[in-house]
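Here is a short briefing on one model. It covers cavities, an annotated span and some backbone features.

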Amino acid sequence: MAKNIKELSIEDFVEAGLNPEAALEFHNILQNALFMVKTSDPRDIWRELMARTVLKPSHPYGLHQLVYYSVYADWNFSSNGPPPYWFPSLHQSKLTNLGRIMELYGPKLLGASYKDPISSFRLFQEFSSQNPEIYWSIVLEELCVTFQKPPRCILDMTEKSKGKWLPDSILNIAHCCLLPSSRPFRDDNSLAIVWRDEGCDDSNVNHMTLKELREEVMLVANALDATFSKGDAIAIDMPLTVNAVVIYLAIVLAGLVVVSIADSFAANEDFILRGGRKYPLYSRVIEGGSCKAIVIPATGNRLEVNLREQDLSWEEFLSAAKDLPRSNYYSPVFHSIDAMTNILFSSGTTGEPKAIPWTQLSPIRCTADSWAHMDVQAADIVCWPTNLGWVMGPISLYSCLLAGATLALYHGSPLGSGFGKFVQDAGVTILGTVPSLVKTWKDTKCMENLDWTKIRYFCTTGETSNVDDDLWLSSRSYYKPVIECCGGTELASCYIMGSPLQPQAFGTFSTPSMTTGFVILDEYGIPYPEDQACVGEIGLFPLYLGASDRLLNADHHEVYFKGMPIYKGMQLRRHGDILKRTVGGYFVVQGRADDTMNLGGIKTSSVEIERICNNVDVSILETAAVSVSPTGVGPEKLVILVVLKRGYKRSTEELKMKLSKAIQSNLNPLFKVGFVKIVPSFPRTASNKLLRRVLRKQMKDELSSAGTKL
């Protein structure tokens, strides 16, 4: 059991990693800070320690852990909920994007109920959910969104079952990303993108201005016109590089449709570089069909592969546009607001990959959430290691370019110190992550001796966060908040997030996102009272700007609405998450309502994994794949249970090696098998359906009681 903060001794600080001289100095500083706290409330103690910067990024992580857990040693979780580690100040709250408009519009919209951005945040969020047309009319003025033809209204509810957002409006959302703007302010000389190549850690950070980006995009758009036909869908299968951003925007500018493919699945450059190693991509593409491929060298200008007759090198592709009189000018193709711009793939709530179309509403939605909850401003430099095949790729791109911020890209693996030095040298102010990435940084200590103190906010998504990992991350920049984000490709956004206008607790969400409404359902589909601590499946209110209204390979209504209860005259929208609302009003995602799983921030299904595993070895009769977090918090780990055919014997280590290789080769090289167990049979229903939920619980209990580290 942790000591109380007032009981800590110099010996404790030495054990936490300080030398005796530094421990004595720290002890004196801590005692002086504690003397200034006149209450016994641990929140006041922690707040005072943070105000005095008693804990510094240079201190050993063990010291950060010791102090945090000692401050909250006597905290009663059952009656108080999760303990907060970050508190907004009234002065800073009024400088945030959302706080500024609350100060401007709050008194008019909320009347005498409005106090200030912190006290009135929850009231304003509820107002935005009940009056989304008013909120969106305000926020659209704050983003770099220019209509060729303005909408006749914000929301048309002629069809009562579903609203039509920004009806009759016409624009090109990529064009909006490339234009100078007065609010937020940016001109042609504003930085649009900064980047560095892996292995060039000591070189200067590369810069691209808005004008340079616009000219590059328009050059590629002209080349697209010379090579493809209007209405074509063009896949991007490459890492998130400057070229990838230019190509993405050019496709949308030209009125074509982007098909996003995750680089961890297949390919489009000749090779992909990760951690100094080359992974072949082009060979994977030509296995997939006969479509024309445009191939970009991973490094330099020379391709290291022989192309098929129908394929083009990047230089050959661009040459079609360079001969034009105005190759760096392009007249955008304008479309209606609901025109499709991007097709992304997700394994969502049904466990089957879904082809999800993004319209021009989708970028507006994700940018508005980043603007409100991550406080993305024109002076920010935003870095989020991802790629265009996952939803965070397009979200990062649009959230920067439609909010006037700078997009920071590292052309390489984010797992090592090279990425961390780029974050330092580029002056990143908002850093996005996934929890498994943070865990790697913490455990390998690869980010030691780097200065991340320019970071204003950390953000994380993709899987459940671990308190200790978030503690480490926040401590890198004097305990700046880690904004937790949870949503989906089909929502183009997050339905729950953190907020710079609320106290934040590690590993939790503090609020529904702006304009979002939801209820938590009990096992009978009945909503819990809004102020009650509870656990259940989430039911989203259906009026949601940017959310999908169709799927290209499945019945949208069946996937997201069929079987969901009616609440206040609305049929709720299914998302599939099991959500816990704590005492104190925080939220924790506790997994999926079906048999999908979240591995390293990537949603996949048990069926996909089992299909591969069942054919790995002649001895295997059948397999079951479940994801487990042994401690109940932190990232999920993949567990494979195996039933062997009669008469066969195999060791678990042998099977683990074979199963891992097969999954990484055939499904995703990022997936790791954490544990393999051989069992005689699987639990099943009367109709012979596999009870993965039972297996998941059994394995969680077994691994937790055994203290197994996956």
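Helices (H or I, at least four residues) and strands (E, at least two) are DSSP runs, numbered from the N terminus. This is a predicted model: local features need pLDDT of at least 70, side-chain atom pairs count only at pLDDT 80 or more, and totals for chains, interfaces and linings use all residues. Residues are numbered from 1 along each chain as its sequence is written, and side-chain values use heavy atoms, with hydrogens and water left out.

**Backbone features**

- A cis peptide bond runs from Arg-183 to Pro-184, with omega near -5°. Pro-184 sits in the loop between strand E5 (181-182) and strand E6 (185-186).
- Asp-168 is not a glycine, yet has a positive phi of about 70°. The loop between strand E3 (164-165) and strand E4 (170-171) holds Asp-168.
- Asp-168 is partly exposed, with a relative accessible area of 38%. (Buried means under 20% relative accessible area, exposed over 50%, partly exposed in between, with a 1.4 Å probe and protein chains only.)
- Thr-515, also a residue other than glycine, has a positive phi near 75°. Thr-515 lies in the loop between strand E25 (511-512) and strand E26 (518-521).
- Thr-515 is buried, at a relative accessible area of 6%.

**Cavities**

- The whole structure holds 4 cavities of 30 Å³ or more. (A cavity is a set of points, on a 1 Å grid over the protein atoms alone, where a 1.4 Å probe fits but cannot get out; lining residues have an atom within 4 Å of a point. Grid points are joined across faces, edges and corners, and a volume is the space filled by probe spheres set on the points.)
- The volume of the largest cavity is about 80 Å³. Helix H15 (361-373), helix H16 (392-401) and strand E23 (493-497) each give two or more residues to its lining.
- Lining residues of the largest cavity include Cys-366, Asp-369, Trp-384, Thr-461 and Met-497. By class, this lining has 8 nonpolar, 3 polar and 1 charged residues. (Ala, Val, Leu, Ile, Met, Phe, Trp, Tyr, Cys and Pro count as nonpolar, Asp, Glu, Lys and Arg as charged, and the others, Gly among them, as polar.)
- The second largest cavity has a volume of about 50 Å³. Among its lining residues are Glu-463, Glu-484, Gly-507 and Phe-509. The lining of the second largest cavity divides into 3 nonpolar, 3 polar and 2 charged residues.

**Annotated span**

- An unreviewed UniProt entry places a "transmembrane region" at residues 240-262. (UniProt positions are in the numbering used here, feature names are shortened, and annotations may be inferred rather than shown by experiment.)
- In the model, residues 240-262 are 52% helix and 17% strand, and their end C-alpha atoms lie 10 Å apart.

Terms used
1 Å grid on protein atoms, 1.4 Å probe; cavity = no way out; pocket = protein on both sides within 12 Å on 5 of 7 lines; lining within 4 Å.
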